[in-house]
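Q: I have a protein model open and would like to talk it through. Can we go piece by piece?

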Amino acid sequence: MEKVRDIVREGKRVAKEDPRRVVHSFKVGLVLSLVSSFYYYQPLYDSFGVNAMWAVMTVVVVFEFSVGATLGKGLNRVAATLFAGALGIGAHHLASLSGPTGEPILLAIFVFLQAALSTFVRFFPRVKARYDYSLLIFILTFALISVSGFREEQVLVLTHKRISTVIIGGLSCVLISIFVCPVWAGQDLHSLLASNVEKLSFFLLEFGDKYCETVEDGDTKEDVDKGKNDFDNYKSVLNSKSNEESLANFAKWEPGHGQFRFRHPWKQYLSIGALIRQCAYRIDALNSYLNADIQVSIDIRKKLEEPLRRMSLETGKAMKEMSVSLTKMIKPSSSDLHVRNAQSACKSLTNLLHSGILKEVEPQELISLLTAISLLIDIINLTEKILESLHELASAARFKDKIEPPISEKPNSRSIVRGWATNGQDDHVVTIVKDGCYNGTNTSEKDNQSNQVLIHENHEDCVHEKHEDDDAHLHSSCDSCAHTSLRVIVECRQ
């Protein structure tokens, strides 16, 4: 019973980890039930006979988790079956011309040549990446058609039935995969990259505090455990290459869907993924210096704390912004600013090191410190490269511009007022009469208001204009009377 409970717990864990797996299982059962009707329904069985089993076999080997994988396998299987069927018929016809004695010999030679050549082509890297399955089906179908045709008189009928059932099985898989709760490999790849960037940002946002040993007193054990889990999440990025490549390969087969157009730049995702992994390798090396046996003294860390924390924090913020940009498919906006801030902090740290602050540090401690700083600088440079690649992706994939939040305040208004100097005073006193004012209870709207005031100053022969926000005092000057300030009195007319 304990093993049964373990199996049930494992099943719940797998289903909770990705509920789409449960849906996929039902989809496979649905397609198999549909194609099994070739055996259960007598008119269909009379048309295809035992060849109907090829439809069932096609569903079993073709139906994959994502639309791209299913579509790729389905098209490869259908194309390979058609091509191999045509060659098999041709080989059978040529072999039959040699008579009953020479026919089996020629068929064996044809099968040997086709299998040997196709197997060798499967070793080509580009072919293996996208067409390995089709070559495998090509070898299988050609051999079956050629060999079975030796004992079967109606080779064309046999080939037609097998090809038809394969097409029906493959088409059933593709239609169910696309129209019933589809799982898009392209969307998974996009989400994977956004998640990987976010995992790196978690480390960088906390690295400065951990390296300088600044821990908040109010942190509970749960907060510490959660922070540690987020801090170590970057390790899953180290081994993401194979998953990214397979998803990119499947995504190339998928039709346009949602925000992913046809011929979406999936290759650019692989470039970004490679840079993310390089950054993760540096982070993994940098993490080892947090608990190294040889550490720089606390006093030295305190002196370097400010630039180190800024470098790490700004880089983490840039990563976080890029993750949000990928998730929402909008162009990165503030990431450039954070990268520049990190580079500025790097220069400050360099100047601080050149000031001779490390003269009395032990050589082993100095090596440890400089290595950690060098790794952090490499991470900043890689972050800049990731940002550049993301800009290229945003341009090629036509990411949307970041939408600013709507402004709730009233549109800018312009008031025309007249001002004159008051005798015996150094200020020009101007009275502004406005049609409406904000009451004292709604100060937020007042603060957000930015009305432009066009001021005409008439002082004897002096007239000039000035545009300013309607604050209490506006600074101006008059060439003829040498007044250097303008005092504004605002009167509200409800």
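Q: Where is Ser-271 found?
A: Ser-271 sits in helix H13, residues 266-287. Helices here are DSSP runs of H or I with at least four residues, strands are runs of E with at least two, and both are numbered from the N terminus. This is a predicted model, so local features need pLDDT of at least 70, side-chain atom pairs count only at pLDDT 80 or more, and totals for chains, interfaces and linings use all residues. Residues are numbered from 1 along each chain as its sequence is written, and side-chain values use heavy atoms, with hydrogens and water left out.

Q: Is Ser-271 buried, exposed or partly exposed?
A: Ser-271 is partly exposed, because its relative accessible area is 37%. Buried means under 20% relative accessible area, exposed means over 50%, and partly exposed is in between (1.4 Å probe, protein chains only).

Q: How far apart are Ser-271 and Ile-386 in sequence and in space?
A: In sequence, 115 residues separate Ser-271 and Ile-386. In space, the C-alpha to C-alpha distance is 8.8 Å.

Q: What about Asn-287, buried or exposed?
A: Asn-287 is also found in helix H13. Asn-287 counts as buried because its relative accessibility is 14%.

Q: Which residues is Asn-287 in contact with?
A: Leave aside neighbours within four places in sequence. Asn-287 then contacts Phe-203, Phe-231, Asp-232, Tyr-234 and Lys-235. Contact means heavy atoms within 4.5 Å.

Q: Switching to charges. How many salt bridges are there?
A: The structure holds 17. A salt bridge is a side-chain nitrogen of Lys or Arg within 4 Å of a carboxyl oxygen of Asp or Glu.

Q: Why can such side chains pair?
A: Opposite charges can pair when the charged atoms come close.

Q: Which residue does Arg-277 form a salt bridge with?
A: Arg-277 pairs with Glu-244, and their closest N and O atoms are 2.6 Å apart. Arg-277 lies in helix H13 and Glu-244 in helix H12 (residues 241-251), so the pair ties together parts that are 33 residues apart in sequence.

Q: Are those two buried or exposed?
A: Arg-277 is buried, and Glu-244 is buried too.

Q: Which residues do shared partners join into one network?
A: Glu-2, Arg-5, Asp-6 and Arg-9 are joined by salt bridges that share partners. Among these bridges is Glu-2 with Arg-9, at 3.4 Å from N to O. Glu-2 counts as partly exposed, at 45% relative accessibility. Arg-9 is partly exposed, with a relative accessible area of 45%.

Q: What about Lys-73 and Glu-64?
A: Their side chains meet in a salt bridge at 2.9 Å, N to O. Lys-73 is partly exposed at 23%, and Glu-64 is partly exposed at 27%.

Q: Helix packing next. At what angle do H2 and H5 pack?
A: Helix H2 (residues 20-35) and H5 pack at about 170°, with axes 9 Å apart. Axes are lines fitted to C-alpha atoms, for helices over the stretch in contact, and angles run from 0 to 180 degrees between N-to-C directions.

Q: Roughly parallel or antiparallel, then?
A: H2 and H5 are therefore roughly antiparallel. Angles over 145 degrees count that way, under 35 as roughly parallel, 65 to 115 as roughly perpendicular, and the rest as oblique.

Q: Which residues meet there?
A: Val-31, Leu-32 and Val-35 in H2 meet Ala-55, Val-56, Val-59 and Val-60 in H5.

Q: Which residues form the nonpolar patch on the surface?
A: Tyr-39, Tyr-40, Val-50, Met-53 and Met-57 form the patch, with about 530 Å² of accessible area together. Patch residues have over 30% relative accessible area and no salt bridge: nonpolar side chains (Val, Leu, Ile, Met, Phe, Trp, Tyr) are joined within 5 Å, like charges within 9 Å. Areas come from the Shrake-Rupley method with a 1.4 Å probe, and for residues only the protein chains shown count as cover.

Q: Which helices supply the patch?
A: Helix H3 (37-40) and helix H5 (53-62) each supply at least two residues. Tyr-40 is found in H3. Tyr-40 counts as exposed, at 69% relative accessibility.

Q: Last one. Where is Cys-181, and what is its phi?
A: Cys-181 is in the loop between helix H9 (155-179) and helix H10 (185-211). Cys-181 has a positive phi of about 45°, although it is not a glycine.
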